[in-house]
Amino acid sequence: MTVRKLTMSAAATTTVLLLCGAVLNGAAAAPAAAAGTTTITTTTTNSTTETAASATSPGAPATLAPPVSGTAAATLATPAQGGAPATATADPGLALSSYDPATGTAVLAPAATAPQAPSLRAEAPGAAAAAAAAVRPGQLIDSPPTPAAPHGALVAVTGVQPAADGTVAVTTRPATLPELLGATSTSLHSAVSPSAFQVQPRLGGVQVTTDLGPAGGQGSVSGSLGLSADATVPLPNGSSVTLSGSVSLTPAVDFSYQGGLGLIDPQQARIGFSLGAHADWRVSGSLAGATSARIPLATYSASPVVMVGPLPVVINLTFTLSADIAADGTVTLDAEQAYDGRWGVHSDYVKGPGWTTTTDPGTSTVTPLRLDLRGSASAKAGLLAEGSIALYDTIGVKASIEPYLRAAVSGSVVLDGAGSAPEVNGTAVLYGGLDINGALMAKLAILGTPVLSADLPFLAFHREWRLASVSTGPNPPRIVDWTPLSSGLADDNRSAHLKTRPDWDPYALKASCPDGSRLIGLSHGGDDGLCTDVTQADLWDAGRAYAVDHGGTYVTTDWAPGYAKAQCPAGSFVSGYSRNGRTMGVLCAKSATPPGASTRTLRFDDGDNRPAVAGGGDFAYGFAKGQCADDEFVAGVAYGQPWWQLWAARPYALLCQKLA
C-alpha cells in the first residue's frame, strides 16, 4: 500500500475540483486552512492481483486474446475433474449462431472466421456432419462474444439435436468457472486495447478518437481512448452550459482465480477494473435557480477475452462519462484546467467470508488553470465516471466516482492561471468533495457462489471539506453553508465541539452537523443527510448543551403513526443522527433562540419531498430524500425497516418545525 500526497495552493486546489475536467479520480482530504497550501492525501492499493497458488492449485498463465473480427468459434471442453481444468476437445469450428439464456436453447453453426471453416464449407456435408457429431451432452460450451451472445456464454450441454446442414441445436444449463478451471490458479492485470471498445457518443458536439499505440506482448497496450467536445447544453430554468476540451482514457482489467478441490466454489477470486485519465477541460455558462443536471457524454463498452491456458474467460467492461452540473442561485462560470489521475474498483471472493468490494481512489495531479466565477449562488461541477465489469453476464461490480468542487459565492472570484493570487470582490467559500458509490452485482452463479436476488451496495464514500474562505468589501453578504453528511462507511462528525467530547452514541454509525448548523434533510434508502445555516446562523446556544434520544422520550403527539420515532425536547433542534441496526437516534442541540411553535410532518418514503427550490443540491443521489423548508428545522425523525432491508432502520418522515 502506498500513500501519495498532492500539494498545491488552496486556490488551485479548489478550482481544479470545480471543473468538469475533474475526471474519474479523487482523494479524501483533511480540512484545509483558509490560506496557504492544501495537502490532499490518498491511500491506494496496488490493483495488480497476486494470487498465490497452493499445492492443489496449479498455476496457469493468463493473457488477453487479440480482438477477433467476425464470429469466433466456441470452445468445446470436457468439464474439470479431480482438480484438473476442463479439457478442450478438437476444435470443430462451431460458433453460437443463436442463444436464448432464458430457456437455455442454442444453435451451433460453422464459424466463418474459424480455421476449420473453409474445409467445412468445401467438404460439406461430410465435414460439417463430423463437426456436429463432436458436440455431446455433458460438454461445456465456452463461447467468446458473438452477435448471438454479445456477452459471451459459459454453459453445459444437456441435449443435442444435429441437423443435416452441419448446425447443431442444443439445450443447456448455466455452467460455472469451477467446472471450467477446476483447481487452477491464475492472475491477470492488463490494459485493454482501445480497438476492443465500441464507443457511443451521447451528446451532439462530442467526437471520439482512438489512439491504438504500439501493442506489446502479454496484452500490453499503450494506446488510449479519446473524447473531444464542443457543445452547448440547455439546462432547466433557461440555463445553459458549454462543455469543451478533451479527455484521454486508458482502461485496464483485473482478473484472478484460485480454484478449490471441488466444483462448488473457488478458494479465491477477483474481478475489477481501473481507469486512467488525462483531461484538458473547460466549462462555461450561466446557471439560474435550482439547477441539477447529469449530461451523458459517451458510453464505452468492450468484451475482452482472457485466455487461461487454452480456455477463454469473457470479461465485459462498460463505463459512461457524464458532466454533472448543479446550482441553487444565479451564477456565471468560466473555468479551465488540465487533469491527470487513475482510479479502480475490484470485488474479491474468499471462501468462507464471501464477497467484499473495494474502491481505490487513486491519485490526482493538475496543471495551472483559470477561473471566473460571478453571482450569488452555490454551484457544483464535476465529470462523473460510472463503470461496471462482469464475467460473461452474470457477475461483477459497478461503481461511480466523482471528485468535485462546490463554490458558494456572492460577488466574483477571478484566477488568471499565471500563478497570481485570486481576485475576490465580495465573499467566496470553496469546498472540495469526493463521492464514491457502487454495488456488487447480484447474479453470482458463474462462480458457484450463493445466488442473490438484488445488488449488494458496498459502503459508499462521501466527504466534503472547506478549502478556503475569502472576502473583501465593508459588509459582504453572508454565504449560506450547505453541508452533506454520510455515515454509511464511518462516523461523519463535523462538530468541532463534539470531537472534543465523549462519543455521543457509542456503537452506532453517526453524523453531526458543523457547530451552529442544523439538520434539514435525510435520505430514505441510505445514511445521507444535509445540514445548513440558511435563514438563521449560529443556532446552537453558547453553552453547547445537547441531548440524545432513541426511543421517543420527548414525543407528545403521534405525528407519524405506525413508525418508531426519535425526537428532540422543546427548545432543541436536530443537529445529528445515528443508526444502530434497527434503531435510529437524534442528536439534539439546545437552540440559542426560542423556536416557533408551528410543526408539520414531511413524508418521503415514496419519493423526493423537498422544496421546489431546494438548497444543497442532490445530497443523496439515487435515494428518496426529505428536506424541510429554509425557515424550518428538523425536530424529529420517524423510522422503520423496509421489507428489503429488515436489519436496518431507515427514516420515513421528518417533523419540521418553524424557526424563531
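## Overview of the chain

The protein chain has an accessible surface of about 25,800 Å², of which 56% belongs to carbon and sulfur atoms; accessible areas come from the Shrake-Rupley method with a 1.4 Å probe, and for residues only the protein chains shown count as cover. This is a predicted model, in which local features need pLDDT of at least 70 and side-chain atom pairs count only at pLDDT 80 or more, while totals for chains, interfaces and linings use all residues. Residues are numbered from 1 along each chain as its sequence is written, and side-chain values use heavy atoms, with hydrogens and water left out.

The secondary structure comprises 4 helices and 39 strands; helices (H or I, at least four residues) and strands (E, at least two) are DSSP runs, numbered from the N terminus. Of the 660 residues, 55% count as buried, where buried means under 20% relative accessible area, exposed over 50%, and partly exposed in between (1.4 Å probe, protein chains only). Among contacts between residues at least 6 apart in sequence, 71% join residues at least 24 apart; contact means heavy atoms within 4.5 Å.

Strand β33 is joined to β38 (residues 632-640) by 4 bridges, and the two run antiparallel. Two strands pair if DSSP finds at least two bridges between them. Within this pair, A564 stands opposite Y639 in β38.

## Strand β30 and its partners

All 6 of the 6 residues of strand β30 (residues 518-523) are buried. Strand β30 pairs with β31 (residues 528-532) in the antiparallel sense over 4 bridges, and G521 stands opposite L530 in β31. These two strands form a hairpin with 4 residues between them. Strand β30 also pairs with β37 (residues 625-627), in the antiparallel sense over 3 bridges, with L522 opposite G626 in β37.

S523 lies in strand β30 and counts as buried at 1% relative accessibility. Not counting residues up to four places away in sequence, S523 touches D528, F604, F619, A620, F623, A624, K625 and P651. The C-alpha atoms of S523 and D605, 82 residues apart along the chain, are separated by 8.9 Å.

## Strand β35 and its partners

In strand β35 (residues 583-590), 6 of the 8 residues are buried, so this strand is largely enclosed by the rest of the structure. Strand β32 (residues 546-549) is joined to β35 by 4 bridges and runs antiparallel to it, with V548 opposite L587. Strand β34 (residues 572-580) is joined to β35 by 8 bridges, again antiparallel, and here Y577 stands opposite V586. The hairpin of β34 and β35 has 2 residues between the strands, and in this hairpin G581 takes a positive phi near 65 degrees.

## Disulfides

A disulfide is a covalent bond between the sulfur atoms of two cysteines. The model has 3 disulfides, identified as pairs of cysteine sulfur atoms within 2.5 Å. They follow the pattern 1-2, 3-4, 5-6, with bonded cysteines counted along the chain. One joins C513 to C531 (S to S 2.0 Å), and its torsion about the S-S bond is about -80 degrees, so the disulfide is left-handed. This pair links distant parts of the chain, with C513 in the loop between β29 (509-512) and β30 and C531 in strand β31, 18 residues apart. Both C513 and C531 are buried.

Another disulfide joins C568 to C588 (S to S 2.1 Å), and with -95 degrees about the S-S bond this link is left-handed. C568 lies in the loop between β33 and β34 and C588 in strand β35, 20 residues apart. C568 counts as buried at 5% relative accessibility, and C588 at 1%. A further disulfide joins C628 to C656 (S to S 2.0 Å); its torsion is about -80 degrees, so this disulfide is left-handed. C628 lies in the loop between β37 and β38 and C656 in strand β39 (residues 650-658), 28 residues apart.
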